[in-house]
Every structure is written in structure tokens, then in C-alpha cells.
Amino acid sequence: MASTRALLVLAVSMAAVLCTAHGASYTVGAPAGSWDLRTNYTRWASGVVFRAGDQLVFKYSRAAHNVLEVSRADYDSCSGSGTLNTFATGDDAVPLPAGGVIRYFICGVPGHCDAGMKLAVRVEAAGDPNAASPSTVPVAMAPRAARPPMATPAAGGPAAVPPSSSVAASAGVGSLMMLGLSAAMAALIWPSIRVNGW
């Protein structure tokens, strides 16, 4: 009976770790844009609360663009002289493991950063009580499940945006993992409960 309880405590602990470590995946500029010269990245990032454990995905043509992670000074001056990281696959996943930081990205192709291809992302700690609450996100968007619009419609205001498939898929995988873990734990514990009457 003690081993069953220990197993149950271990399973609950593992489930808690899986739930907190599983972050959202945000395709930069989606759904209306990508890593390109048309997207307003300040507007895009302003509607999303990025948390430790999330990831950014930059999608672009390798022949036309790249992604450089730079310092604040290089971001402000659109300089790639002190590049921290370089990404050039056209489908780059950039993890955001630490909270309490701002990460800076630019396109290193001459003239592109000056034309607006630059992104600053504030990453909050996973359980930061000072992070923007979901109520500060525009009403037309579900918290952490939708992307802000990139282009302003002819009517003048932002349009409602359905949840991104990458975030919805990410949440679905986490839910399936938890369901499978729960079923496995029930299968292990049930015989002990029946035998011991616990």
C-alpha cells in the first residue's frame, strides 16, 4: 500500500512537471504574415504574452532572409555586428527557456531591419504573477491561443483571429500526454486498490 501511494505521488509530480514544461509554439507573424517585409512585428508581439518554455518559429525564404539574435544596442541600430545567434534554415525554432528577459531578433539582409524586419520579445517567467493577465489581451483573442492580426483591414481596426494551428496542436499534444499518463497510472494503481481496499 505504501508503494502504491509513493507511485501515485511520483505520477502526480511527473504530471505537474510535464504541464509546466510544455509551452506554446508561436509562428512569428502568423496568421496574416511571416518573417517578411510586410508584417508589423511590434503589433504582432504586443498581443501575446510569451512565457518561459514557449518557442518562436521563424518561417521565411532562405534565399531572401535570415534571422539574427542580437543585443538591444544592435537591435536599435539594425546592426548585426554583435550577433548572438544566427538562424538561416527558413524554418527556425527558437526556444524561450528563461523568463524575465527581452530577446531581440533582426533580419541580417542589408536594408531589411531598417524596413521593419525586427522583433523584440519580452519573455515572462512561467508562473510570473506580474505578467500581463489574460484580461489585458484584446477581447477578440483567446489568451495564449491566438495570434494578433498583422494587417489592418480596410475598415480600420484589427480583425478577430482564430487560434493558430501550431498553438492548438501544441495544447492538444500536452492534453494527450496527460490523458495517456493518467490511464497508465490508473492501470498500475487499480489492482492495488482492489486488493488492499485503499
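A residue is called buried when its relative accessible area is under 20%, exposed when that area is over 50%, and partly exposed in between, with a 1.4 Å probe and protein chains only. By that rule Cys113, at 4% relative accessibility, counts as buried. This is a predicted model, where local features need pLDDT of at least 70, side-chain atom pairs count only at pLDDT 80 or more, and totals for chains, interfaces and linings use all residues. Numbering runs from 1 along each chain as its sequence is written, and side-chain values use heavy atoms, with hydrogens and water left out.

Let us stay with Cys113 for a moment. The structure holds one disulfide (a pair of cysteine sulfur atoms within 2.5 Å). This disulfide joins Cys113 to Cys78, with 2.1 Å from S to S. The torsion about their S-S bond is about -70°, so the disulfide is left-handed. Distant parts of the chain are linked in this way: Cys78 lies in the loop between α3 (72-77) and β5 (85-87), while Cys113 lies in the loop between β7 (101-106) and β8, 35 residues apart. These helices (H or I, at least four residues) and strands (E, at least two) are DSSP runs, numbered from the N terminus. What about Cys107? Cys107 is in no disulfide, and the nearest cysteine sulfur, that of Cys113, is 8.3 Å away. Cys107 also counts as buried, at 2% relative accessibility.

Now for the nonpolar cores, which are sets of buried Ala, Val, Leu, Ile, Met, Phe, Trp, Tyr and Cys residues joined through side-chain atoms within 4.5 Å. The largest has 22 residues, and among those with the most contacts inside it are Trp35, Trp44, Leu56 and Leu119. Two or more residues of this core come from each of α2 (41-46), β3 (54-59), β6 (91-96) and β8 (118-124). A second, separate core of six residues includes Leu68, Val70, Tyr75 and, once again, Cys113.

Leaving aside residues up to four places away in sequence, Leu56 has contacts (heavy atoms within 4.5 Å) with residues including Tyr26, Val28, Trp44, Phe105 and Val121.

Finally, turn to the largest pocket. Of the 16 residues that line this pocket, the closest to its centre are Ala45, Ser46, Ala120, Val121 and Arg122. The largest share of the lining, six residues, comes from β8, and α2 also supplies at least two.

How values were computed
1 Å grid on protein atoms, 1.4 Å probe; cavity = no way out; pocket = protein on both sides within 12 Å on 5 of 7 lines; lining within 4 Å.
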